[in-house]
Amino acid sequence: MHCLLKKGEGGAQRARGACPLGEGGAQRGTCQLMCPETERLRREEQGQLSIFEIDNSSTTSGTRRYCTSASLAVKEYVRSGAGQDVPRPQDLRPPPTLKNTIQYLIRDVSSRADSPWHLVYDFVDNRIRAIRQDITYQQLAGVEILYIYALASRFYLYSCYRLSSVSMEKFDPKLNRDQLQQCLLKLVKMDAVIVPTLDLEIPLEEFESYFLLANLGSTEAVMHTLELPKETRFFRLTRRLSPLGRCAILPHLTFIRRRALGTMSSAYSSKNAQFPLSLLADWLAFSSLKDAVEFTSAYGIEISGENILFRRGAFKIPAEEPRLRFLIPELDSDSPSNCIFGL
């Protein structure tokens, strides 16, 4: 339990006029504050503020009433219960607000030196859970959500070290590990469907390694790293190799692409789903859309315009598999002697 100045009377109040859980699909948040105003005023009135939310400049001396502000209050995590209503849009925070909130928690709160760090942990952990709850309610995905899970993962990793010598009464390493696992699993699963961009703020391979290290001895975790789109990450990693280093993968190129295509055929098989051809070309490092079409068609996959139509059972391995050139511009633009001498 995170530190409260005064224990309240119990859970969150039901939101008036909200739709029951499961009806109407995912909500979309409109709250631009770290904490919805209704919650902030309620917790302020009921004395349910954390010590990290108190605005000392507005708290009257000699009174027992503590005050907060929009720049200090952060939405509190409340466990969902049966029959609980879906939050109203004004009580849910959209991705930019969620991103700003976790940045505030890590940048400002985790650096606080005026309280024992296990209390800092309790507060930040609770508020990160609230962030994740908002993500779940809205069924959010995207680069900003990846960033949020990345910071959360780093927080739980750091906490494991920072609080390693603290008693179990103040810090439960198993609960911390559980939160870390949940965040890392979200990361590696979301990376499967989100296209990395040049301005991505996190190195995704860093968190893949965290996931493996946090699950040493787990066959399931190792197998997970070999599933889609791990083959696509393979091609991202090859771009960091030297030109001759990339030559070393050529004997395995068709096998890796075929395996990735087969996994995608199962994962994205749907009557109505269309997968962008340009995305597959990028993921599997084809030199052109024409090469991507030639390769995909050879395995029985249907192409419609600029999209791939994955249909169950369509993927077949041909008697003679396509051999497409894997371009390495540095080798094409230099002399053999320079390439071999490494000049």
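How many salt bridges does a search of the whole structure find? The search finds 12, a salt bridge being a side-chain nitrogen of Lys or Arg within 4 Å of a carboxyl oxygen of Asp or Glu. The model is predicted, so local features need pLDDT of at least 70 and side-chain atom pairs count only at pLDDT 80 or more, while totals for chains, interfaces and linings use all residues. Residues are numbered from 1 along each chain as its sequence is written, and side-chain values use heavy atoms, with hydrogens and water left out.

The nonpolar packing comes next. A nonpolar core is a set of buried Ala, Val, Leu, Ile, Met, Phe, Trp, Tyr and Cys residues joined through side-chain atoms within 4.5 Å. Buried means under 20% relative accessible area, exposed over 50%, and partly exposed in between, with a 1.4 Å probe and protein chains only. The largest such core has 39 residues, and L105, V109, V124, I128, I135 and Y156 have the most contacts inside it. At least two of its residues come from each of α2 (95–109), α3 (117–138), α4 (143–162), α5 (173–190) and α6 (204–213). The largest share, 10 residues, is supplied by α4. Helices (H or I, at least four residues) and strands (E, at least two) are DSSP runs, numbered from the N terminus.

Leaving aside residues up to four places away in sequence, I128 touches I102, L105, A152, F155 and Y156, where contact means heavy atoms within 4.5 Å. Another core, of 25 residues, lies apart from the largest one; F235, I256, A281 and F295 are among its members.

Now to the charged pairs. Side chains of opposite charge can pair when their charged atoms come close.

D114 counts as exposed because its relative accessibility is 54%, whereas R112, at 26%, counts as partly exposed.

In a further salt bridge, the closest N and O atoms of E321 and R258 are 2.8 Å apart. E321 lies in the loop between β3 (307–309) and α13 (329–332) and R258 in helix α10 (residues 253–267), so this pair ties together parts 63 residues apart in sequence. E321 has 24% relative accessibility and therefore counts as partly exposed.

Finally, a network of salt bridges links E39, R43, E53, E76 and R127.
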